[in-house]
Amino acid sequence: MYHPEAEPNVIHHEIAELAKKKDVWVVSQNIDGLHAKAGSTQLVDFHGSLYHCHCRKCGEPVSWRAYLKSDSHETCGGQIRPDIVLYGEGFQDETLEQATDAVRKAELIVIAGTSFQVHPFCDLVQFRAADASILVINQTPIHLAQDYEFIQEDGAVVFNKIQELGAEHD
Ligand SMILES: [Zn+2]
């Protein structure tokens, strides 16, 4: 699961770029830490990140590098695990709060590159403001109770265009 050499793609980069000009919050289902690597700071890793680990016994944070060497905590012998939400596990209150806040405050909600079927992630959209717009960028339509604008395209293609347009304006 660990690919520390992986680099953010155009989607990660353009979202981080956009956040310099607009008040952008990223709520991600990915656990690969690439939005953070691209520089997004208003970020909710909804299912956690492989690159944040802690000891189950003493609760201390542990570096992922230490975890890859041994899953036993050097100082207390407890088991180390990454801070990711496994199937059937509960969510941290703080994560749910940050994510629902981000949706609540948004004028525009962009849902990109997901079939949007994983609960409770896909329920977040219910927290949107009544006048918020929704834009979906995906190769197939998604099921939503709300109306949405739809760009049927791979996210990377769309964000490449955004990058080109941005370059022309610089
Ligand atoms: Zn420990």
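In the predicted model, Cys53 stands opposite Val62, a residue of strand 4. Strand 3, which covers residues 48–55, and strand 4 run antiparallel and are joined by 2 bridges. These strands belong to an open sheet of 3 strands, in which the order is 4-3-5 and the pairing is antiparallel. Strand 4 (61–62) and strand 5 (80–84) form the edges of this sheet, since each of them pairs on one side only.

The cysteines were examined next. A disulfide is a covalent bond between the sulfur atoms of two cysteines. The structure holds 0 disulfides. The surroundings of two cysteines may be described by their relative accessibility. Cys55 has a relative accessible area of 0% and is therefore buried, because residues under 20% are classed in this way. Cys76, by contrast, reaches 24% relative accessibility and so counts as partly exposed.

Pro120 is placed in the loop between strand 6 (108–112) and strand 7 (133–138). The peptide bond that joins His119 and Pro120 is cis, with an omega of about 0°. Phe116 also has its place in the loop between strand 6 and strand 7. Although Phe116 is not a glycine, its phi is positive, at about 55°. The relative accessibility of Phe116 is 8%, so this loop residue counts as buried.

Conventions. Residues numbered from 1 in each chain as written. Predicted model: local features only at pLDDT ≥ 70, side-chain atom pairs only at ≥ 80, totals over all residues. Heavy atoms only, no water. Pairing = 2+ DSSP bridges. Helix = DSSP H or I, 4+ residues; strand = E, 2+ residues; numbered from the N terminus. Disulfide = S-S within 2.5 Å. Buried < 20%, exposed > 50% of the residue type's maximum accessible area, 1.4 Å probe, protein only.
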